[in-house]
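Me: Got a structure to go through with you. Can we take it piece by piece?

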Amino acid sequence: MKAFETFHPIVLFSFFVATIGLSMIFMHPVYLTITIFSAISLNIALRRQLFFKDWKLYVPLFFLMAIINPMISHNGQLVLLYVNGNAITVEAILYGIAIATMIVAIMLWFSCYNVMMTSDKFIYLFGKVSPALSLTLSISLRLVPRFKHQLTQIVQAQKVIGMDFTTGSLWHRIKCTVRILSILITWALDNAIDTADSMKARGYGVKKRTAFSIFIFERRDGFVLAMIILLFFSNLVASFIGTTTYYFYPTFGAVKWDMTSILFYISYVILLSIPLVFEIWGALKWRSLKSTM
Amino acid sequence: MQKNIRLIISFIVILVFIPLSLYAGITIFADRKYYFVSIVIMILACVPFFLSFERRKPQPREILVIAVMSAISVAGRALFVVTPGFKPVAAITAITGFSLGAEAGFLTGAISALVSNMFFGQGPWTPFQMFMWGMIGFIAGLLGKTRLMHKKIPLILFGIFAGIFFSFGMDVWGTISMYGVFSWKAYALALTSAVPFMIIYCISNVIFLLLLAKPISEKLDRIKNKYGILQ
């Protein structure tokens, strides 16, 4: 069940812009913990087995990044040991871990983005801002599978006349491949002109372009969008008054635990867990519906 | 005349806007948020090209030709998915730039990056790839006017240049994402560790340019002359 995915594309897009943008800026331990845990839980909720497959990539990446920083940076006061006269400090190690956490969290958010923001949603959204460009984008997206299909036909036809690119000497193979590509491009360009002329004949550019879409902006979309914007700004306020600032050098700053800071931490938690809440809520609803059937 | 104005605007953007936003990013964010600032700069750098394309109200034929060339380079990237770094995208973008001009070159490169990442997955690297491939197409477009690229030696040199250029650009992102802040020491480290990739980029660019430059540019020129587009 993917409940958050059914929201209007603008809601999804603003959520990811807010989340990824803020995750890139905040280097505060509390904020990093929040973002990595929400990213992991949303990933598990959305991708399940796929997420555990990706783990093999993320863990070495994490350790690699955590190791690189203390090798290059020698700032900090808590010196552990000296390697070739350069200090390896606790601050640099923890800063490396912080950076690694941030990068892995952003990667995880992007993999959620790739599940939820499918290309049709992206093109729908940018068709309003930039119609010509999004038209180019959507035509190009459509052409890729079409070219693949045409490519197999060309390859088969060439095989019949003895230009099989899978056999023969290397030079023969290269010659055949270039020939196949060349045929494809000739076909594609002439075909494109046909399409363009028929677009023109049907009145492209006379009025504003209309596009079919199945996305309707409902009341719940407005509600969630308002919530995202509100929480985004409250986190910006937190950034301006300095709640999100944390120093690793020359030595660690203090993590604040007063009332205002805790409230700001909570607002960040709420912002990042919006999709997760809808996923869990949708799953529970589905289960109760199934049990009453 | 109109074409010259577009070229001047592009130059102003590259030489003035980007350094300015870099400076603003460093002063406002107090030298810390490299990761965020670099991505914003990359997106900003692409916007003027898209804007000028949008404002011009392009004809369907221009849109289709750019879409076709991007789709071919995406299909090429998918075809060579097993060989890391060995991709025809830069070469096809450059050839489009040679024949159809700087703007079409930039758009082909940028759209190829965006569309191919719709198949392979978007990430924080998307704006960097868009800009880097776009710039390869743009530079190719500027060079294409000189008719120098019909000879083999300049073509080989351009392929090597495009490989090094792409590698240097992507390593800026690599440095920032691995190290968190940008320092020349870390950048040098990233560059030296990426030398094998740089060599693969250069070799693949040279091979694809030598093989494809003549047939594809002949076809593009034919379409250009026959239907009078993107003159």
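Me: How many residues does helix 5 of chain B have, and what does it reach from first C-alpha to last?
Reply: Helix 5 (residues 102-120) of chain B has 19 residues and reaches 27 Å, close to the 27 Å expected at 1.5 Å a residue. Helices are DSSP runs of H or I, at least four residues, and strands are E runs of at least two, numbered from the N terminus. The expected span is 1.5 Å times one less than the number of residues. This is a predicted model: local features need pLDDT of at least 70, side-chain atom pairs need 80 or more, and totals for chains, interfaces and linings use all residues. Residues count from 1 along each chain as its sequence is written, with chains lettered from A and ligands numbered from 1 in the order written.

Me: Why is helix 5 of chain B largely enclosed?
Reply: Because 16 of its 19 residues are buried. Buried takes 20 or more other C-beta atoms within 10 Å of a residue's own, exposed 12 or fewer, partly exposed in between, with C-beta atoms placed from the backbone.

Me: What comes just after helix 5 of chain B?
Reply: B:Gly121, with a positive phi of about 105°.

Me: Switching to chain A. How many helices and strands?
Reply: Ten helices and two strands.

Me: Which domains is chain A divided into?
Reply: Domain 1 (4-121 + 213-292) and domain 2 (131-201). Those bounds come from an automatic or database domain assignment. The C-alpha centres of the two domains lie 42 Å apart.

Me: How much of chain A is buried?
Reply: 33% of the 293 residues of chain A.
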